[in-house]
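Me: I've got this one open on my screen and I'd like to learn how to read it. Could you walk me through it, feature by feature?

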Amino acid sequence: MTATGAVWRNWARTEQARPLRVERPRTTAAVQRAVRAAGGSGIPIKAVGSGHSFTGIAVATGVQLALDDLSGLIGRPTADGLASFYAGTLLRDIPRLLAPYGLAMTNLSDIDGQSISGAISTGTHGTGARHGGLAGQVRGLTIIAGDGEIMRIDDDDNADLLPAVSLGLGAIGIIAEVTIACVPRFLLESVEQSEPLDDVLDSLAERVASADHFEFFWFPHTTTALTKTHTRLPATAGRRTLPFVKRWVDETLMGNRVFRATCFAGTVLPPVIPAVNRLAAKLAGNRRFTDLSHRVFSTKRTVRFREMEYALPAETVPTVVREIEALIAQRRWRISFPIEVRFAAADSLWLSTAYGRDTGYVAVHRYIHENPARYFAAVEAILMEHGGRPHWGKMHTLDADSLRSLYPRFDDFLAVRDRLDPRRLFSNPYLTRVLGA
């Protein structure tokens, strides 16, 4: 335990808090002791991983549980590929931990700095119409409930709670351990191309259905989309990796350092943004390589930004992108960050943004030194008109009354919350807004 007067801030600098104290548990038993102590004192307690959520979902004003030291693989994976991790394990560390056993996660997000517990709790996802989000890979959890008891939730114990707790927003209990279903290690062949945006949107359904993993980026003020198509290959297929210099130029120099400089220049002189975006669209893409899956799924991003992302019925994505394009032109805004579009299979997790429907994700961003309010509000109105559900860890304005109509099992989730945390020990202002008091 560490006494604190320090201010905690999330990665995007959209949220901050000054916890009463910070505790750094190293074991599941230590998490239990912290929950019992907080409950005995009537102090709220929240776990925080890497702080990559853009919302206040992990804000702790009472006790903050920093999970950095609660990390690593627990024992050996089972013969059928189930692997258990402590809650603070970062996604970027999981491939290394699984490598000796010839295993991998079946899908990953494009940013791998999150903790496994934070990623599943907020609905973090990758892309691929035949693959769900990270929470869909969960086969079991160990949590500490509001009464301080350790609960195991899997197919053998408390199985009825798994669809709620696998994606629980941190509102039901503190996750200490996570068991995920892994697959044999595999490669991805990645093809990145610059293509006309209209061609991509006109053929989007076919592209998404025919690819293992498909996504695209569109830079506003251009007519070009950068498409990324990934094909799964067995680990024995042979890697054809990018040369070190090529990867460094594309991802470190151009993708981060130059991009940061152009974003900053756009804040000083917004009229240059369309020309810069057109140049970026010309320089991006048009490469093919094959590498280990995690090296293709995830990319390093050092330029700070704010993000809003909504999950939509997959068939509405072309219309939505065109409406956002028209909005930007009509308002004469200058938007430096690309719009990102990804896909996921339907699932049955109660608060999953992909619950019950094949899903397309549309994400909009703004550089950290730009005010996103007007842009995000106008885009959010479009997304809501098409039945969008906001990503729990990214900026949005919806409250419990609005969200209830988007999730058929919303009240069932609240009933589980009432059962496992009746005193709202794990609540905070964000959870009060999205789930109600």
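**Reading the sheet, the helices and the charges**

Reply: Start with the open sheet of eight strands, in the order E16-E13-E15-E14-E18-E19-E17-E20, with antiparallel pairing. Strands pair if DSSP finds at least two bridges between them; strands (E, at least two residues) and helices (H or I, at least four) are DSSP runs numbered from the N terminus. Keep in mind that this is a predicted model, where local features need pLDDT of at least 70 and side-chain atom pairs count only at pLDDT 80 or more, while totals for chains, interfaces and linings use all residues. Residues are numbered from 1 along each chain as its sequence is written, and side-chain values use heavy atoms, with hydrogens and water left out.

Me: Which strands stand at the edges of the sheet?

Reply: Strand E16 (287-292) and strand E20 (389-390) do; each has a single partner strand, so one side of each has no neighbour in the sheet. For a pairing inside the sheet, look at E17 and strand E19 (residues 359-367), which run antiparallel and are joined by nine bridges. Glu307, for instance, has His365 in E19 as its bridge partner.

Me: Which helices pack on those strands?

Reply: Look for contact, meaning heavy atoms within 4.5 Å. Helix H7 (residues 244-268) packs on the sheet and touches E16 and E19, its direction making about 115 degrees with that of E16. H11 lies across E17, E18 and E19, running at about 10 degrees to E17. Such angles run from 0 to 180 degrees between N-to-C directions, with axes fitted to C-alpha atoms, for helices over the stretch in contact.

Me: How do I read two helices crossing, say H10 and H11?

Reply: Take the axes of helix H10 (residues 317-331) and helix H11 (residues 373-385): they come within 10 Å and cross at roughly 145 degrees. The contact uses Val320, Glu323, Ile324, Leu327, Ile328 and Arg331 of H10, along with Tyr375, Ala378, Val379, Ile382 and Leu383 of H11. Those residues divide into nine nonpolar, no polar and two charged. Here Ala, Val, Leu, Ile, Met, Phe, Trp, Tyr, Cys and Pro count as nonpolar, Asp, Glu, Lys and Arg as charged, and the others, Gly among them, as polar.

Me: And the charged side chains: how many salt bridges are there?

Reply: Side chains of opposite charge can pair when their charged atoms come close. The rule is a side-chain nitrogen of Lys or Arg within 4 Å of a carboxyl oxygen of Asp or Glu, and by that rule the count comes to 33 salt bridges. One of them joins Arg419 and Asp160, at 3.8 Å from N to O. Arg419 sits in helix H13 (residues 410-420) and Asp160 in the loop between strand E11 (150-154) and helix H4 (162-165), so the pair ties together parts 259 residues apart in sequence.

Me: Arg342 and Glu309 also pair; are they buried or exposed?

Reply: Both Arg342 and Glu309 are buried, which is under 20% relative accessible area, with exposed over 50% and partly exposed in between (1.4 Å probe, protein chains only). Their salt bridge is 3.0 Å, N to O, and links Arg342 in strand E18 with Glu309 in strand E17, 33 residues apart.

Me: What about Arg301 and Glu340?

Reply: They form a salt bridge too, with the closest N and O atoms 3.6 Å apart. Arg301 counts as partly exposed at 25% relative accessibility, whereas Glu340 counts as buried at 1%.
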